[in-house]
Amino acid sequence: MLTTDRHGNTTTHDNPQKLERKENLFRDYLYKCIDNSETIAADAYGVRHTAFPLRDPDGRAVAIVDISIGELRELPNHENKEVQRMLKLLQTAHKEVSQESAGGDKTIVLEAEKDSEQNRIDIMFDRIMLMDLRENVGKLNARAFAELKSYKEPPKVIHDIVLSVLTLFFQEKSESGELEQWNNCKQLISSDLINKIGEFDPTASDAVNSVQKIAGTLKDVPHGAVAKHGSLPAQHLYNWAFVCLSLLEHSKKMNDKRPGVTQAIAATPQSDVITEAS
């Protein structure tokens with residue numbers, strides 16, 4: 001069992017406490033989620049919870065993601081969309097793992113996945129996110145990018161996102177400071193950029209040398225700030241750059257080691273017992 005707090009700190013519980021259904025009436029939403037294999041929202045001890053099932057190929061719930069939003073009745077629209085997207089990707093990852101466990105073919109897309117089985121496991125979820133975001137960016141048309149190019153001087157958030165994306169492909173221009181000027185960035189926003197994004201493998205890129213700069217730039221983008229500007233292309237580019245950064249950081253760690261160089265609760269369908277952290 002894993003639990004994650006509001007600060008993103010994750011704890012693994014090797015021997016979580018078991019919850020008996022008859023003794024936990026206020027957590028009945030968890031059992032209903034398992035019984036019906038459907039999303040259930042409920043209040044428990046004054047806190048709003050939403051339980052999402054992870055399903056096996058037959059549609060039965062095999063695990064639960066229990067998200068607490070405290071005293072809020074519902075999440076802001078942009079955060080709710082992000083939660084739905086992440087749950088969809090988590091289900092995709094679970095499906096891939098299940099198929100492999102049943103003897104299916106392994107999915108290998110990125111260069112780092114070819115190095116070792118442990119590497120492949122470590123970056124599986126990031127790779128699934130990257131593939132999804134490649135598809136989202138690929139759907140953006142000329143009108144969407146015209147929105148970005150229409151800025152004479154964009155909000156700092158927008159400039160930081162575009163600068164981070166362009167740094168992945170134009171390290172020299174970034175290091176020389178050219179990309180600090182918005183007019184220089186605008187000239188590089190084109191259909192060719194979309195093609196580059198669709199083919200980019202962060203684990204096989206020399207952009208690993210720019211990790212510190214990209215991390216520093218994205219760190220300056222406050223959580224939720226992109227959604228407040230209502231820019232779809234900026235949101236997709238931000239999500240894509242963030243996943244690329246995660247993969248770059250993984251590659252950097254692996255290179256440094258070389259010589260010379262979400263709450264999930266395990267459950268059983270129709271069970272009256274759920275494991276819970278004490």
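1. Let's start with what an aromatic pair is: two rings from Phe, Tyr or Trp whose centres lie within 6.5 Å. Keep in mind that the model you're looking at is a predicted one. Searching the whole structure for such pairs turns up 4 of them.

2. Take Phe169 and Trp240 as one example. Their ring centres sit 6.0 Å apart with 15° between the planes, and the pair is stacked. Where do Phe169 and Trp240 lie? Phe169 belongs to helix 6 (residues 156-169) and Trp240 to helix 12 (residues 232-257), so this pair ties together parts that are 71 residues apart in sequence. Both Phe169 and Trp240 are buried.

3. Now have a look at Tyr238 and Phe242. The ring centres of Tyr238 and Phe242 are 5.8 Å apart and the planes meet at 50°, so this pair counts as tilted. For stacking, the planes would have to be under 30 degrees apart. Tyr238 and Phe242 are 4 residues apart in helix 12, which means about one helical turn separates them. Are these two residues buried or exposed? Tyr238 is buried, at 15% relative accessibility, whereas Phe242 is partly exposed, with a relative accessible area of 44%.

4. Together with Phe200 and Trp240, Phe169 makes up one aromatic cluster. If you skip the neighbours within four places in sequence, Phe169 is in contact with Leu193, Lys196, Ile197, Phe200 and Trp240.

5. Next, the nonpolar cores. Which residues touch the most other members of the largest core? That core has 52 residues, and the answer is Leu168, Phe169 and Trp240. Helix 12 supplies the largest share of this core, with 10 residues. There is also a second, separate core of 9 residues, and its members include Leu30, Cys33, Ile34 and Ala42.

6. Last, the cysteines. A disulfide is a covalent bond between the sulfur atoms of two cysteines. How many disulfides does the count give? The count is 0.

Technical notes
Residues are numbered from 1 along each chain as its sequence is written. This is a predicted model: local features need pLDDT of at least 70, side-chain atom pairs count only at pLDDT 80 or more; totals for chains, interfaces and linings use all residues. Side-chain values use heavy atoms; hydrogens and water are left out. Rings of Phe, Tyr and Trp (its six-membered ring) pair if their centres lie within 6.5 Å; planes under 30 degrees apart count as stacked, over 60 as edge-to-face and the rest as tilted. Helices (H or I, at least four residues) and strands (E, at least two) are DSSP runs, numbered from the N terminus. Buried means under 20% relative accessible area, exposed over 50%, partly exposed in between (1.4 Å probe, protein chains only). A nonpolar core is a set of buried Ala, Val, Leu, Ile, Met, Phe, Trp, Tyr and Cys residues joined through side-chain atoms within 4.5 Å. Contact means heavy atoms within 4.5 Å. A disulfide is a pair of cysteine sulfur atoms within 2.5 Å.
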